[in-house]
Amino acid sequence: MDAVEALATEETPHAETTHSAHSGPHGYSARKDDHVKRLRRIEGQVRGLQRMVENDTYCIDILTQVSASTKALQSFALSLLEEHLRHCVADAMEKGGAEAEEKVAEATAAISRLLRS
């Protein structure tokens with residue numbers, strides 16, 4: 001299993017989780033176009049990795065590009081997490097109660113997954 005497959009496999013259960021109460025504008029909504037552009041660049045990097053393997057590129061050169069792709073995904077994840085904390089968690093904390101506790105638990109779990117990756 002390659003790094004991209006591992007990421008997809010790891011994230012699939014979380015991606016299937018839907019929170020109907022979470023519909024509507026999210027913390028990232030204001031920068032949605034920027035995020036999509038960024039993800040398309042990362043997608044291009046990953047496709048470039050595939051081409052490198054198909055073209056029998058030197059191992060170290062491929063690993064260098066894997067590292068760059070990984071850093072790009074990590075940077076994207078941190079940006080998204082920051083926006084989540086500033087928007088979703090902050091709003092929930094203002095309201096207080098169970099929703100605040102849920103948002104803090106979600107953010108903590110997300111941080112934990114990022115640290116393990």
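Glu83 is buried, at a relative accessible area of 11% (buried is under 20%, exposed over 50%, partly exposed in between; 1.4 Å probe, protein chains only). Its salt-bridge partner is Arg31, at 2.7 Å from N to O. This is a predicted model: local features need pLDDT of at least 70, side-chain atom pairs count only at pLDDT 80 or more, and totals for chains, interfaces and linings use all residues. Residues are numbered from 1 along each chain as its sequence is written, and side-chain values use heavy atoms, without hydrogens and water.

**Salt bridges**
- The whole structure holds five salt bridges (a side-chain nitrogen of Lys or Arg within 4 Å of a carboxyl oxygen of Asp or Glu).
- Arg31 sits in the loop between helix H1 (3–16) and helix H2 (32–54), and Glu83 in helix H3, so their pair ties parts 52 residues apart in sequence (helices are DSSP runs of H or I, at least four residues, numbered from the N terminus).
- Arg31 is partly exposed, at 36%.
- A salt-bridge network links Arg31, Asp34 and Glu83.

- Glu82 and Arg86 pair at 2.9 Å, four residues apart in helix H3.
- Glu82 is partly exposed at 39%; Arg86 is exposed at 63%.
- Glu106 and Lys103 pair at 3.8 Å, three residues apart in helix H4.
- Lys103 is buried at 5%; Glu106 is partly exposed at 22%.

**Negative patch**
- Asp91, Glu94, Glu99 and Glu102 form a negative surface patch (residues with over 30% relative accessible area and no salt bridge, like charges joined within 9 Å).
- Helix H3 (59–95) and helix H4 (97–116) each give two or more residues to the patch.
- Glu94, in helix H3, is exposed at 71%.

Technical notes: Patches are made of residues with over 30% relative accessible area and no salt bridge: like charges are joined within 9 Å, nonpolar side chains (Val, Leu, Ile, Met, Phe, Trp, Tyr) within 5 Å. Accessible areas come from the Shrake-Rupley method with a 1.4 Å probe; for residues, only the protein chains shown count as cover. Lys and Arg count as positive and Asp and Glu as negative; His and the chain ends are not counted. The place of a charge is taken as NZ of Lys, CZ of Arg, CG of Asp or CD of Glu.
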